[in-house]
Amino acid sequence: MTGLPIDTAHGLCRKEGSQQQAFFATAYVEHVPFPEALDMILHSSIGSGVAYAQEQNSCFLTEYSALSADADTHIPWATEAFGCLPEAVNLWIGNEKAVTSFHKDHYENLYAVIAGEKHFTLLPPTDIHRLYIKEYPCAHYEKCEGKFVIEQEKPVKFIPWASVDPYPPAELLSEARFKFPKYFNGPKPFTCTLQAGEILYLPSLWFHHVRQSPDLEGRTIALNFWYDMQFDIKYAYHNFLESLIVKL
């Protein structure tokens with residue numbers, strides 16, 4: 001069970017009192033009984049921490065194995081196409097306050113929505129220059145007297161991450177357009193909404209930003225199936241593009 005003090009599973013944030021310094025902050029993780037976790041999700045808010053049940057360790061087949069008979073443990077046509085079973089099957093349960101910032105995965109991803117809706121904003125790997133990848137100092141959240149605080153990692157280390165928020169608050173839109181013109185003034189990204197019962201094939205290395213809308217009971221539930229990607233010429237070409245962006 002992951003309790004989030006911000007609106008992303010992991011991503012950029014600013015330390016309280018700091019207007020300039022941005023961090024890549026990992027989530028505050030708390031293991032609680034499932035009924036309590038579900039209650040936290042249904043009643044969470046930005047101020048109290050945005051609760052999101054998710055672990056990217058094939059949790060559907062391990063931690064939630066009691067549920068594994070309720071859904072397929074692989075997508076047969078994808079397994080045939082990729083020539084292997086999925087390396088991980090992950091369960092995601094959250095609400096509309098949980099947002100995942102732009103990132104890419106080194107997996108072929110089949111994303112299936114069970115309840116609610118998922119809203120994807122997608123860019124191909126060749127558009128990496130439009131996301132303003134920058135090295136950010138790593139940090140993590142800690143709980144102190146009932147409040148979440150950001151603590152920078154020591155020794156200091158950095159991680160490259162996309163700087164663009166494609167949906168900034170209205171009052172920050174002009175600033176975002178000025179800072180990230182290649183994104184906001186460039187071609188429109190692909191967007192799609194996945195409803196319950198639908199599956200999205202998300203190719204490896206594609207950048208994706210994810211928002212969600214809950215069902216009538218206040219939750220969004222999804223499964224994703226990660227299949228190994230081929231580390232072939234596509235991967236080499238992407239690394240070449242990434243190295244050029246870093247040097248610019």
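Trainee: Where does Tyr-132 lie?
Mentor: Tyr-132 is in the loop between strand 9 and strand 10 (133-144). Strands here are DSSP runs of E with at least two residues, helices are runs of H or I with at least four, and numbering starts at the N terminus. Before we go on, note that this is a predicted model, where local features need pLDDT of at least 70, side-chain atom pairs count only at pLDDT 80 or more, and totals for chains, interfaces and linings use all residues. Residues are numbered from 1 along each chain as its sequence is written, and side-chain values use heavy atoms, with hydrogens and water left out.

Trainee: Why is Tyr-132 called partly exposed?
Mentor: Buried means under 20% relative accessible area and exposed means over 50%, with partly exposed in between (1.4 Å probe, protein chains only). Tyr-132 has a relative accessible area of 22%, so it is partly exposed. Its backbone deserves a look: Tyr-132 has a positive phi of about 50° although it is not a glycine.

Trainee: What makes Ser-58 buried?
Mentor: Its relative accessible area is 11%, so Ser-58 is buried. Ser-58 has a positive phi too, about 60°, although it is not a glycine. You will find Ser-58 in the loop between strand 5 (50-54) and helix 2 (76-82).

Trainee: Which peptide bond is cis?
Mentor: The one joining Lys-154 and Pro-155, where omega is about 0°. Pro-155 belongs to the loop between strand 11 (147-152) and strand 12 (158-162).

Trainee: How do you know that Thr-121 is buried?
Mentor: Thr-121 has a relative accessible area of 1%, so it counts as buried. Thr-121 sits in strand 9 (residues 117-123).

Trainee: What makes a polar contact of the pair Thr-121 and Tyr-167?
Mentor: A polar contact is a pair of N or O atoms within 3.5 Å; within protein, one must be able to donate a hydrogen and the other to accept it, and residues adjacent in sequence count only if both atoms are side-chain atoms. The side chains of Thr-121 and Tyr-167 make such a contact at 2.6 Å. Leaving aside neighbours within four places in sequence, Thr-121 is in contact (heavy atoms within 4.5 Å) with residues including Phe-102, Tyr-183, Pro-189 and His-208.

Trainee: In which sense do strand 9 and strand 13 pair?
Mentor: Antiparallel, over 6 bridges. Two strands pair if DSSP finds at least two bridges between them, so the label applies. Leu-122 stands opposite Phe-190 in strand 13. The open sheet has 4 strands in the order 7-15-9-13, with antiparallel pairing.

Trainee: Why is one side of strand 7 (100-103) and of strand 13 (190-195) left without a neighbour in the sheet?
Mentor: Strand 7 and strand 13 stand at the edges, each with a single partner strand, so one side of each has no neighbour in the sheet.

Trainee: How do you know that Lys-234 forms a salt bridge with Glu-108?
Mentor: A salt bridge is a side-chain nitrogen of Lys or Arg within 4 Å of a carboxyl oxygen of Asp or Glu. The closest N and O atoms of Lys-234 and Glu-108 are 3.6 Å apart, and the pair forms a salt bridge. Lys-234 in helix 5 and Glu-108 in strand 8 are 126 residues apart, and the pair links distant parts of the chain. By this rule the count comes to 6 salt bridges.

Trainee: Is Glu-108 buried or exposed?
Mentor: Glu-108 is at 6% relative accessibility, so it counts as buried. Lys-234, at 36%, counts as partly exposed. The side chain of Glu-108 makes polar contacts with the side chains of Tyr-201 (2.7 Å) and Ser-204 (3.1 Å).

Trainee: Which side chain meets Lys-104 in a salt bridge?
Mentor: That of Glu-242, at 3.3 Å, N to O. This pair links distant parts of the chain, 138 residues apart: Lys-104 is in the loop between strand 7 and strand 8 (107-115), Glu-242 in helix 5 (residues 233-247). Glu-242, at 24% relative accessibility, counts as partly exposed.
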